[in-house]
Amino acid sequence: MSDSPLPCVDDLLAAAARIAPHASVTPVLHSRALDGLAGASLLFKGEHLQRGGAFKFRGACNAVWSLDPDQAARGVVTHSSGNHGAALALAARTRGIACNVVVPQGAVGAKLANIARHGATVWRCEASIAAREAMCAQVQAQTGASLVHPYADPRVIAGQGTAALELLRSHGPFDVLVVPVGGGGLASGTRLALQALAPQTRLVLAEPEGAADTARSLAAGERRIDFTPDTLCDGLRTTLGAPNFALLHGAAEVITVADSATVAAMRLLWQVLKQVVEPSSAIALAAILATPQRFAGQRVGVVLSGGNVDLDALPWARA
């Protein structure tokens, strides 16, 4: 998808209209207790309550419903450790078309079950980006399916940005928006939403210390993606995409977070906000609590990106 034009604000607005019949308008949650801990006013966009359990349905739905009839008849294919694959399978089901998902070894069991439950054909591969892309190319050649990249597809980026668009329209203005970053689909889509509605709002990205390629890339002014991820946040182990970097460069700050802080924030969200969120989602709160001076006294929007948790392997229940 690197040769595709970057999505723009018009693409974001078109995506919002396109997915409206299918995606949920997720609630915005608030806790005085968490405000007190953060020293800021926090409003949480509950994308863990989106269809499929994550914001990923937005981008997948936009991509699926952007296909012309001939493309749709051949189905779609992607590679995903979980949430995007399940979202694409669900989106394909809304249009009655086939979906193929390449899943790397080591994917979270709950997410793998979601992909299968929504009717996708699952293809397994080794746990590397190269293996994922090679298997995707093979499936695409066999089936003629359209590739829907998890985060670098401009249709996906535009769709993901609709979460922040909704939050800004319903509860703005904000001093800061905080979102997790892995491949950068949500982050770059959020940048489009800020460009459209709130250009003065700061965009802060929360990234695991063990997969901090976005922090390195934005600091260097070029993508620095040669690394082996080491983080509990399975949804954030992917490398920053080229179009995502282009949209984020010069437009976002990054806070890197230790997994231990993310687990503590995840537990807080379960205990205080009473919401089931996954580590890749809780990292946004962890970033705020790790650097409270950067948010003190401000109005902060936080995207809770997903809630597909393997309940048999909760991080605080490990021996």
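Reader: How much space lies in the second largest pocket?

Author: This is a predicted model, in which local features need pLDDT of at least 70, side-chain atom pairs count only at pLDDT 80 or more, and totals for chains, interfaces and linings use all residues. Residues are numbered from 1 along each chain as its sequence is written, and side-chain values use heavy atoms, with hydrogens and water left out. A pocket is an open set of points on a 1 Å grid over the protein atoms alone, where a 1.4 Å probe fits, with protein on both sides within 12 Å along at least five of seven lines; lining residues have an atom within 4 Å of a point. With volume taken as the space filled by probe spheres set on the points, which are joined across faces, edges and corners, the second largest pocket holds about 220 Å³.

Reader: Which residues are the closest to the centre of the second largest pocket?

Author: The lining of this pocket has 7 nonpolar, 3 polar and 6 charged residues. Here Ala, Val, Leu, Ile, Met, Phe, Trp, Tyr, Cys and Pro count as nonpolar, Asp, Glu, Lys and Arg as charged, and the others, Gly among them, as polar. Of the 16 lining residues, the closest to the centre are V108, L232, D234, D310 and A313.

Reader: Which residues lie nearest the centre of the largest pocket?

Author: The largest pocket contains about 360 Å³ of space. Its lining divides into 8 nonpolar, 7 polar and 3 charged residues. Among the 18 residues that line the largest pocket, those nearest its centre are A127, S128, R132, P229 and R237.

Reader: What is the geometry of the pair formed by the rings of W270 and W316?

Author: Rings of Phe, Tyr and Trp (its six-membered ring) pair if their centres lie within 6.5 Å; planes under 30 degrees apart count as stacked, over 60 as edge-to-face and the rest as tilted. A search of the whole structure finds 1 aromatic pair. The centres of the W270 and W316 rings are 5.2 Å apart and their planes stand at 85°, so the pair is edge-to-face.

Reader: Over which ring does the charged end of R299 sit?

Author: A charge sits over a ring if NZ of Lys or CZ of Arg is within 6 Å of the ring centre and within 35 degrees of the ring normal. The charged end of R202 sits over the ring of F295, 5.9 Å from its centre. For R299, the charged end lies 5.0 Å from the centre of the ring it sits over, that of F174.
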